[in-house]
Amino acid sequence: MADRPRRLEDQDRVLLIRLGAVGDVLRTLPALHLIRASFPTVHITWLVEDLSFDLLGGHPEIDEVLRFPRREMRAAAARPRLLAGLIAALRCDLRRRRFDVALDFQGSLKSALLARLSAAPRRVGFAPGHCRELSFLFTNDWVRPPGRRLNRVERNLMMAEAVGARGDAIEVVLPERSEEGRAAEEILRSLGPGGTPVIVLSPGTSRRQRHKRWPAEHFARLAALLATSLGAVPLVVWGPGEQALVQEVVTGSGGRAVAAPPTSLRLLAAVLRRAALFVGADSGPMHLAWGVGCPVLALFGPTDPRLNAPLGTAHVVLRAGRATSDITPEQALEATRRILGRAAPGAAAPRLLRSALFPRAAEAGR
């Protein structure tokens, strides 16, 4: 196995594998940008699951987005013949594209098996100790980061750098469609006249990540404080199955918080581009806010912010080591004041440079 993968060739057909959660997909976009900027003529296909499929659709740096049929395979788990047929169809679909290189950014057994299933002769993954479930057994070029407690954006950039991509800027390219911008502006315009600041509150997480949630009563108290102390409009966003949670926040705030209408991820991104601030736990919406340049107040409990915190000086992380609930609404209000006090209205987010954020990684890549 090679610990230093070869650089990509200009005409390579590349399969990029990052299947899972929205936040993980978003934190792979800077690596995609680095690869595309360094190798403008390679053909890039991204294999992704349903939740993030629409987010990547029409992306200017991706030639093709393939959907991994997770729901169908899960439904067929108890029917071996049907499952085998789905796998065979996926195998055929991947192999007919004749990939030269597979980049496994996920580092799980499933993603590594998909790289192997593609028949790409070069399968780049993370080295033993830096991946899960023995996935390194199915890759043949290894990337060995200098440590295990690295921000996931940094780790992904190291894989891009390992195949020859170069660049100092950390950029998330996530284009907005005109209809999404109009819909977002209409939502915000309906909340308050005269440019009233809108602060997006996101009380939900995925079911598996419920331990990361800040309590609904804390969000309700913060919403009331934001409205009375700052004159802001707290807009509570939500995903499937979170209507009751949002109603609890709105009711607990005495009606000062406003429940957002149903939104897709793309529409949420458009709203966040125009919002004054995002408040929420380590979740897909938090990473989406970071990706589109919205200042973030990130609420962390026992999980490590070094791995998942938003990058850059525009954001503030509050952490309580035992439980996220130990962060008080008053602490969140004070952090909100700090963020809003240093953000010039309408100013672009500061440019993120790898050499400033990760000097060790930048030095190793030269």
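Is D24 buried, partly exposed or exposed? D24 is partly exposed, with a relative accessible area of 22% (buried means under 20%, exposed over 50%, and partly exposed in between, with a 1.4 Å probe and protein chains only). The model under view is predicted, so local features need pLDDT of at least 70 and side-chain atom pairs count only at pLDDT 80 or more, while totals for chains, interfaces and linings use all residues. Residues are numbered from 1 along each chain as its sequence is written, and side-chain values use heavy atoms, with hydrogens and water left out.

**First stop: D24 and its partner**

Select R27 together with D24: their side chains form a salt bridge at 2.8 Å, N to O (a side-chain nitrogen of Lys or Arg within 4 Å of a carboxyl oxygen of Asp or Glu). R27 is buried, at a relative accessible area of 6%.

**Second stop: the parallel strands**

Next, select strand β2, residues 43-48, of whose six residues five are buried (strands are DSSP runs of E, at least two residues, and helices runs of H or I, at least four, numbered from the N terminus). Strand β1, residues 13-17, runs parallel to β2 and is joined to it by five bridges (two strands pair if DSSP finds at least two bridges between them). I17 has L47 as its bridge partner in β2. Strand β3, residues 64-67, also runs parallel to β2, with four bridges between them; here V48 is partnered by R67 in β3. From β2 the chain passes through helix α3, residues 50-56, to β3 in a right-handed β-α-β crossover (with the strands pointing away from the viewer, the path from the first strand over the helix to the second runs clockwise).

Select L56 and display its contacts (heavy atoms within 4.5 Å). Leaving aside neighbours within four places in sequence, L56 touches V25, L29, W46, V48, I62 and V65. L56 and W46 are among the residues that touch the most other members of the largest nonpolar core, which has 69 residues (buried Ala, Val, Leu, Ile, Met, Phe, Trp, Tyr and Cys residues joined through side-chain atoms within 4.5 Å). Helix α11, residues 265-274, gives the most to this core, with six residues.

Select E64 and R97, whose side chains meet at 2.6 Å, N to O, in a salt bridge. E64 lies in strand β3 and R97 in the loop between α5 and β4, 33 residues apart. Then select D282 and K212, a salt bridge at 2.8 Å, N to O. Both of these residues, D282 and K212, are buried.
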